[in-house]
Amino acid sequence: MKAPASAPTRGSDREPSEPRWLTDEEQRVWRSFMDGVTLLDDHLDRQLQRDAGMPHIYYGLLVKLAEAPRRRLRMTELAMLAKITRSRLSHAVARLEKNGWVRREDCPDDKRGQFAVLTNEGYEVLRQTAPGHVEAVRQAVFDRLSPEQQKSLGDIMRIIAEGLQPEEAGADLPWLR
């Protein structure tokens, strides 16, 4: 949001209770970022729906399970790795179970805990879907950026992600909800 015409926008000109309005350049950057994220998410979602009948979030869960030892993760850990709420994960895993791509197993050492386990069928769907997905990512992102821009993008996104994941107790993070 732009500052109202009468509001000061910088440094010592603003009142202590005034918002720190975005400059015109910051507004341009913010809107470009949001447009890019929204369009990229839609592009990848459409590709995965077309090729595998699943949304991007489900593909990401299958990837995380495929990379895990014995293709299994505790549900709480999977939620943390996927950066989603436990409720959203539970819903997604239920749909993946219905497809036969994931199954849940009780944790032997924790009566309330569960594992999400990638099935052989789920692994095969992932194996068949991965080439098209990688090509979609490559065309949408990496083919458009120089190696320097790729490094900068990675550095910037890591800084943003780290800043949004405070380590102190009581942090309001999706996987803790």
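**Helix packing, core and salt bridges**

Tutor: This is a predicted model, and in it helices α3 and α4 are roughly perpendicular to each other, because the angle between them is about 105° and angles of 65 to 115 degrees count as roughly perpendicular. Their axes lie 9 Å apart, with α3 covering residues 75-82 and α4 covering residues 86-99.

Student: Which residues of α3 and α4 make the contact?

Tutor: On the α3 side these are M75, T76, L78 and A79, and they meet R86, L89, S90 and V93 of α4. Sorted by class, the contact has 5 nonpolar, 2 polar and 1 charged residues.

Student: OK, what about the largest nonpolar core, which residues touch the most other members?

Tutor: That core has 28 residues, and the ones touching the most other members are M54, L61, L62 and L89. Two or more residues come from each of α1 (24-52), α2 (56-67), α3, α4, β3 (110-118) and α5 (120-140), and α2 gives the largest share, with 5 residues. As a general point, nonpolar side chains in soluble globular proteins tend to be buried together.

Student: And L61, what does that one touch?

Tutor: Setting aside residues up to four places away in sequence, L61 touches L78, A82, I84, L89, A92 and L96. Of these, L78 also belongs to the α3 side of the helix contact described above, and L89 to the α4 side.

Student: Switching topic, how many salt bridges does the structure hold?

Tutor: There are 11 salt bridges. One of them joins the side chains of E105 and R72, with N to O at 2.3 Å. E105 lies in strand β2 (residues 102-107) and R72 in strand β1 (residues 72-74), so this pair ties together parts that are 33 residues apart in sequence.

Student: Now the loops. Where is T119 found?

Tutor: T119 sits in the loop between β3 and α5, and with a relative accessible area of 13% it is buried. Leaving out neighbours within four places in sequence, T119 is in contact with R71, G100, W101, V102 and R103, and R103 is the residue already mentioned as a salt-bridge partner of E105.

Student: What is phi like at R70 and K83?

Tutor: R70 has a positive phi of about 60° although it is not a glycine, and for K83, likewise a residue other than glycine, phi is positive and near 60°. R70 is in the loop between α2 and β1 and is exposed, with a relative accessible area of 67%. K83 is in the loop between α3 and α4, and with a relative accessible area of 41% K83 is partly exposed.

Terms used. Residues are numbered from 1 along each chain as its sequence is written. This is a predicted model: local features need pLDDT of at least 70, side-chain atom pairs count only at pLDDT 80 or more; totals for chains, interfaces and linings use all residues. Side-chain values use heavy atoms; hydrogens and water are left out. Axes are lines fitted to C-alpha atoms, for helices over the stretch in contact, and angles run from 0 to 180 degrees between N-to-C directions. Helices (H or I, at least four residues) and strands (E, at least two) are DSSP runs, numbered from the N terminus. Angles under 35 degrees count as roughly parallel, over 145 as roughly antiparallel, 65 to 115 as roughly perpendicular and the rest as oblique. Contact means heavy atoms within 4.5 Å. Ala, Val, Leu, Ile, Met, Phe, Trp, Tyr, Cys and Pro count as nonpolar, Asp, Glu, Lys and Arg as charged, and the others, Gly among them, as polar. A salt bridge is a side-chain nitrogen of Lys or Arg within 4 Å of a carboxyl oxygen of Asp or Glu. A nonpolar core is a set of buried Ala, Val, Leu, Ile, Met, Phe, Trp, Tyr and Cys residues joined through side-chain atoms within 4.5 Å. Buried means under 20% relative accessible area, exposed over 50%, partly exposed in between (1.4 Å probe, protein chains only).
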